[in-house]
Amino acid sequence: MGLTLQERIAEVEERVSRACAASGRERSDVKVIAVTKYVSLETAAAVLDAGLMDIGENRWQDAAHKWNVLGDKGTWHFIGHLQTNKVKDVIGKFQYIHSLDRMSLAEELNKKASATGQLVEVFVQVNISGEDSKFGLPPEAAADFLRGIAGLDRLKVVGLMTMAPHEGDSELTRPIFRRLRELRDELNQLGLTAEPITELSMGMSNDFEVAIQEGATWVRLGTVLVGHEEGS
């Protein structure tokens, strides 16, 4: 018999709190995104009812029905690779885009946001691990990318995002998360954004405690928090 949603929430809360304490951070420093891509509309509604108000989805095709029913509840995060032709679908619905990784996407987001009067809060996705299977800018390209999008006035860069390799031993992901934090600090020293970049979106079900210890401010939790339902 698996854990109930409430039991998973309580267990995750305890683990997040312990990771914060272990690294001398306040619990309020870390926010949890409930990734609902593998669960039903009913479970997503239960997640919101349970008080988890940040919802993460990877693809508009999968998110559309949930958002149409639940979009006025909580804060929605688009955390997957965003195709330029899907910008029109997500703009104005997702407060945060965690996967800005190329100029064409930045320009399209800015264009659509200008037309609707939106300000889009974005995370620049960085491929710290260098894996071919992952999206994101190489770390050495991040500064020039920020310079390139500086004139796009409907985008507000609030943070950086990365995905670590899936490791059996989560300790092996530590250098990835540490490097993203260091990169954020280096970029802030260059003063390339109107306001300092404060957020780090990193850490998933298998490695979030290490990510928190290395400075994550947003962790993206799916199976460990909301479960996984076949066919969803």
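Modeller: Let us begin with the interior. A nonpolar core is a set of buried Ala, Val, Leu, Ile, Met, Phe, Trp, Tyr and Cys residues joined through side-chain atoms within 4.5 Å. Please bear in mind that this model is predicted.

Biologist: How many residues does the largest nonpolar core have, and which have the most contacts inside it?

Modeller: The largest nonpolar core has 70 residues. Those with the most contacts inside it are I97, L100, L109, V124, L187 and L225. Helix α1, residues 5-22, gives the most to this core, contributing six residues. Another core lies apart from it and has eight residues, among them I33, I79, Y96 and W218.

Biologist: With which residues is L109 in contact, leaving aside its neighbours within four places in sequence?

Modeller: With those neighbours set aside, L109 is in contact with L82, V87, I91, I97, L100, V122 and L155. Two of these partners, I97 and L100, are also listed with L109 among the residues that have the most contacts inside the largest core.

Biologist: Let us turn to helix packing. At what angle do helix α2 and helix α3 pack?

Modeller: An angle between helices is read from their N-to-C directions. Helix α2 (residues 41-49) and helix α3 (residues 60-70) pack at about 45°, and their axes are 10 Å apart. Angles under 35 degrees count as roughly parallel and those of 65 to 115 as roughly perpendicular; α2 and α3 are therefore oblique to each other. Their crossing is right-handed.

Biologist: Which residues make the contact between α2 and α3?

Modeller: Helix α2 supplies L41, A44, A45 and L48, while α3 supplies H65, K66, V69 and L70. By class, this contact has six nonpolar residues, one polar and one charged.

Biologist: Next, consider single residues. Is T173 buried or exposed?

Modeller: A residue counts as buried when its relative accessible area is under 20%. T173 counts as buried because its relative accessibility is 0%. T173 is placed in the loop between β6 (155-161) and α7 (174-190). Leaving aside neighbours within four places in sequence, T173 is in contact with A164, P165, E167, D207 and V210.

Biologist: Where is the place of C20, and what does C20 touch?

Modeller: C20 is in helix α1, and with a relative accessible area of 1% it is buried. Not counting residues up to four places away in sequence, C20 touches R25, E26, R27, V30 and I212. The C-alpha atoms of C20 and V30 are separated by 8.0 Å, and these two residues are 10 residues apart along the chain.

Notes. Residues are numbered from 1 along each chain as its sequence is written. This is a predicted model: local features need pLDDT of at least 70, side-chain atom pairs count only at pLDDT 80 or more; totals for chains, interfaces and linings use all residues. Side-chain values use heavy atoms; hydrogens and water are left out. Buried means under 20% relative accessible area, exposed over 50%, partly exposed in between (1.4 Å probe, protein chains only). Helices (H or I, at least four residues) and strands (E, at least two) are DSSP runs, numbered from the N terminus. Contact means heavy atoms within 4.5 Å. Axes are lines fitted to C-alpha atoms, for helices over the stretch in contact, and angles run from 0 to 180 degrees between N-to-C directions. Angles under 35 degrees count as roughly parallel, over 145 as roughly antiparallel, 65 to 115 as roughly perpendicular and the rest as oblique. A crossing is left-handed if the near helix is turned anticlockwise from the far one by less than a right angle, and right-handed if clockwise. Ala, Val, Leu, Ile, Met, Phe, Trp, Tyr, Cys and Pro count as nonpolar, Asp, Glu, Lys and Arg as charged, and the others, Gly among them, as polar.
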